[in-house]
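Trainee: Before I use these labels, I would like to see what each one rests on. Can we go through them in turn?

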Amino acid sequence: MTDKKLSLYQKMSKVMESIEHLQKDDQVSFKTTNYKAISEEKVTKSVRKALIEQGLVIFPTEQEMTREGTLTSVNTKYKIVDIDSGDFEILASSGQGADTQDKGSGKAMTYAFKYLLLRTFAIPTGEDPDKTSSPEQDEKELASMRKTLNGLVKECVDKSGGEISAIKEWLVKKAGAESYEAANKEELKNMGIFADGLIAKAEKEQNKNDE
């Protein structure tokens, strides 16, 4: 291991030392999910200050993007560079963003960058799930998510003319769930996103027919 490599890693360690904890400051609500989160602004502002102090810069170098319905996914590679030595490392991150218009890519890129910073510098954000979760809370959340998803499926039927069983089967396959009834939180969340995509597609087709 060279001195230059040590210099870069030591600076990254200094960034980690300077940010001990960031408290979640945002509330996210989307269809079948509702949870606390930390904003991209708070993460970027805190890490940016530490990066400038240590003479480090981070920027994207490669990106792959796909879109399916309203869900945009990105896989991005970033380069972190020591401006004093020119030494660098390649970092990777992924993100997803849901939007019925043209903001999905921006949301996905924001998500990917935020979690790149959080994971690269091991920044804790509080709220350990093991301390706040319980079977009763989990079941209530699942029940609420299923109820919302059932409403989305009904809306899909109303707007597309499809059959409930066919739509549910398609959602299960897309989310990789064992079954509609046994889907977990993440699978239910993804089903909600895909169902929203079907609704948006049906509305778009309807608007074309009305023109």
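Mentor: What follows sets each label against its definition.

Mentor: This is a predicted model, where local features need pLDDT of at least 70, side-chain atom pairs count only at pLDDT 80 or more, and totals for chains, interfaces and linings use all residues. Residues are numbered from 1 along each chain as its sequence is written, and side-chain values use heavy atoms, with hydrogens and water left out.

Trainee: Why is V57 called partly exposed?

Mentor: Buried means under 20% relative accessible area, exposed means over 50%, and partly exposed is in between (1.4 Å probe, protein chains only). V57 has a relative accessible area of 34%, so V57 is partly exposed.

Trainee: What makes F88 partly exposed?

Mentor: F88 has 36% relative accessibility, and therefore counts as partly exposed. F88 lies 31 residues from V57 in sequence and 9.4 Å from V57 in space, C-alpha to C-alpha.

Trainee: Which residues of helix 6 are buried?

Mentor: I167, L171, V172 and A175 are buried in helix 6. Helices here are DSSP runs (H or I, at least four residues), numbered from the N terminus.

Trainee: How do you know that they are on the same side of helix 6?

Mentor: They cover an arc of only 135° around the axis, so they are on the same side of helix 6. The arc is that of the directions from the helix axis to the C-beta atoms. E169 and K173, on the other side of helix 6, are exposed.

Technical notes:
Helix = DSSP H or I, 4+ residues; strand = E, 2+ residues; numbered from the N terminus.
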